[in-house]
Amino acid sequence: MRVRVERAKCVGHGRCYVLAPDVFEDDERGHCVVTREELPPELEEQARRGQQNCPEHAISISSD
Amino acid sequence: MAPVIDDAGRINLFHEEFARCPQPAYAQLRSRCPVGRSILTDAPVISRYEDVMWALRHPEIFSSEMELHMQLGTERPMIPQQIDPPAQTRYRRLLDPHFSRRKMEELAPGVARQARALIDGFVRDGECEFDAAFAIPLPCTAFLDLLGLPASDLGFFLELKDDIIRPHKGRPDVPHTELQPVRNAAGARNYEYFRRALDEREARPREDMLTALSRAEIDGERLSRNEILDICFLLLLAGLDTVTSTLGCNMTYLASNPEQRQRLLNDPKLIPGAVEELLRWETPVVAVPRLVKRNVTLSGVELKEGELATLLIGSANTDDEHFEDAQIVDFERERNIHAAFGAGPHRCLGSHLARMELRVAMEVWHERIPHYRIKPGEIPRFSPGIREALYLPLVWDV
């Protein structure tokens with residue numbers, strides 16, 4: 001599983017790095033940075049939680 | 001009393017009943033007229049989640065550049081709220097780091113201390129009027145700390161923001177149409193205060209946000225004095241009133257729903273989720289205005305260029321078409337992409353500050369006063385506009 005964030009869509013709600021701190025972190029502006037692009041299985045649920053709670057739909061998780 | 005929604009499907013956004021309990025009116029609007037009209041201004045009122053979100057993400061059509069329409073006593077647009085991208089983006093790049101979650105979390109211990117000190121002042125009384133005793137002073141003190149202003153100026157700021165946002169408060173006999181001079185005078189006092197505070201910091205720099213703003217640069221150029229004043233004006237209006245209102249809405253809900261409150265007492269780890277869910281359900285900032293820049297169709301209704309549209313955030317946040325079990329308050333909601341802080345480029349600059357203050361306030365309050373209720377025989381009173389619980393008498397056993 002692979003996580004991506006479309007930085008152009010991120011406006012810094014910060015839901016992802018609060019709900020999924022092992023997958024995302026905040027940059028200086030409070031925008032999203034993916035810290036674990038390749039997801040180990042134990043982080044999938046957390047990552048999905050972060051992705052689902054992005055109000056801008058900026059995060060995607062794919063199986064490639 | 002006239003109904004919140006009239007026979008033609010138009011809504012009175014300033015109805016007292018609507019301020020107290022808006023959710024039923026939202027549901028009616030969404031099903032009857034997703035793009036309705038305001039009784040008072042005839043402005044279009046947008047109530048579906050999808051439409052509201054779309055509008056928030058399209059500032060080129062739903063513009064925030066409308067300072068003259070707002071009549072908040074400003075001489076220029078507030079920055080960055082009343083400026084659209086691309087200019088707005090440059091200001092946000094400068095301001096966002098000052099309001100990041102990390103920075104705001106550093107303030108949490110101070111907010112907790114302040115919350116405890118406030119509670120110490122009334123806990124043995126077995127009762128308080130929540131708005132005056134807690135909801136108003138807590139965020140205002142945090143705001144002064146954040147900017148680096150003395151706590152002794154609290155009274156000055158409280159009067160100022162009320163004169164601008166709620167000039168009718170304390171002036172019940174003055175007709176609405178005659179309140180504008182009150183706002184303008186307060187606006188002038190606000191500019192003057194910050195002019196002086198900035199002068200002081202230019203002479204003697206300190207470790208505070210105002211000093212940082214006075215030295216800030218965008219693309220190698222210092223911000224002008226007016227730009228800094230226009231930022232400060234917004235911080236005052238946005239930073240004081242909204243968290244106060246949210247605290248009052250949350251406590252009204254928790255005082256009226258003891259089984260939900262018990263869940264927070266059993267497991268305080270639910271508090272952050274409860275903060276999110278109550279932001280969604282209560283949505284104290286009921287609506288935001290946007291100026292329509294060109295004709296556009298939403299839910300089959302055409303909005304015309306030049307109209308001042310009302311985006312009904314509270315209704316979007318309770319839309320059954322978007323949220324599963326939208327009418328149920330669930331502190332463990334898995335997916336909660338509410339718009340209480342807006343969305344798109346104008347996402348609330350202070351959202352991380354607000355979330356921290358709300359979480360800390362809820363934690364400290366429930367540690368100290370876990371069981372409380374609305375004073376028997378009393379009914380909380382809510383202000384129209386931003387839903388502040390102006391009168392919220394709480395009692396507890398001592």
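1. Start with A:Glu25, which touches A:Tyr17, A:Val33 and A:Thr35, leaving aside residues up to four places away in sequence. Touching, or being in contact, here means that the C-beta atoms of two residues, placed from the backbone, lie within 7 Å. A:Glu25 sits in strand β2 (residues 24–26) of chain A. Strands are DSSP runs of E with at least two residues, helices are runs of H or I with at least four, and both are numbered from the N terminus. A:Glu25 and A:Thr35 are 10 residues apart in sequence, with their C-alpha atoms 6.6 Å apart in space. A:Glu25 is partly exposed because 15 other C-beta atoms lie within 10 Å. The cut-offs: buried is 20 or more other C-beta atoms within 10 Å of a residue's own, exposed is 12 or fewer, and partly exposed is in between, with C-beta atoms placed from the backbone.

2. Keep in mind that this is a predicted model, where local features need pLDDT of at least 70, side-chain atom pairs count only at pLDDT 80 or more, and totals for chains, interfaces and linings use all residues. As for labels, residues are numbered from 1 along each chain as its sequence is written, while chains are lettered from A and ligands numbered from 1 in the order in which they are written.

3. Have a look at A:Gly30, found in the loop between β2 and β3 (32–34) of chain A. A:Gly30 touches A:Gly12 and A:Gly14 in its own chain, and B:Asp96, B:Ser100, B:Arg101 and B:His352 across in chain B, again not counting residues up to four places away in sequence. A:Gly30 counts as buried, because it has 25 C-beta neighbours inside 10 Å. A:Val11 is 19 residues from A:Gly30 in sequence and 8.5 Å from it in space, C-alpha to C-alpha.

4. On the contact between the chains: chain A puts in 12 residues and chain B 16 residues. The side of chain A that touches chain B divides into 2 nonpolar, 6 polar and 4 charged residues. In that count, Ala, Val, Leu, Ile, Met, Phe, Trp, Tyr, Cys and Pro are nonpolar, Asp, Glu, Lys and Arg are charged, and the others, Gly among them, are polar.

5. Strand β1 (residues 2–5) of chain A has two faces: A:Val3 and A:Val5 are on the covered one, A:Arg2 and A:Arg4 on the uncovered one. This strand pairs antiparallel with strand β4 (residues 59–62) of chain A over 4 bridges; pairing requires that DSSP finds at least two bridges between two strands. A:Ser62 in β4(A) stands opposite A:Arg2.

6. Over in chain B, an open sheet of 6 strands runs β1-β2-β3-β11-β8-β4, with mixed pairing. The edge strands are β1 (10–11) and β4 (62–63), each with a single partner strand, so one side of each has no neighbour in the sheet.

7. Now some helices in chain B. The axes of α9 (residues 137–147) and α13 (residues 225–256) come within 8 Å and cross at roughly 150°. The axes are lines fitted to C-alpha atoms over the stretch in contact, and angles run from 0 to 180 degrees between N-to-C directions. From α9(B), the contact uses B:Pro139, B:Cys140, B:Phe143 and B:Leu147; from α13(B), it uses B:Leu235, B:Gly239, B:Leu240, B:Val243 and B:Thr244. That contact divides into 7 nonpolar, 2 polar and no charged residues.

8. B:Gln114 lies in helix α7 (residues 108–120) of chain B. It counts as buried because 22 C-beta neighbours fall inside 10 Å. B:Gln114 touches B:Leu138 and B:Thr141, not counting residues up to four places away in sequence.
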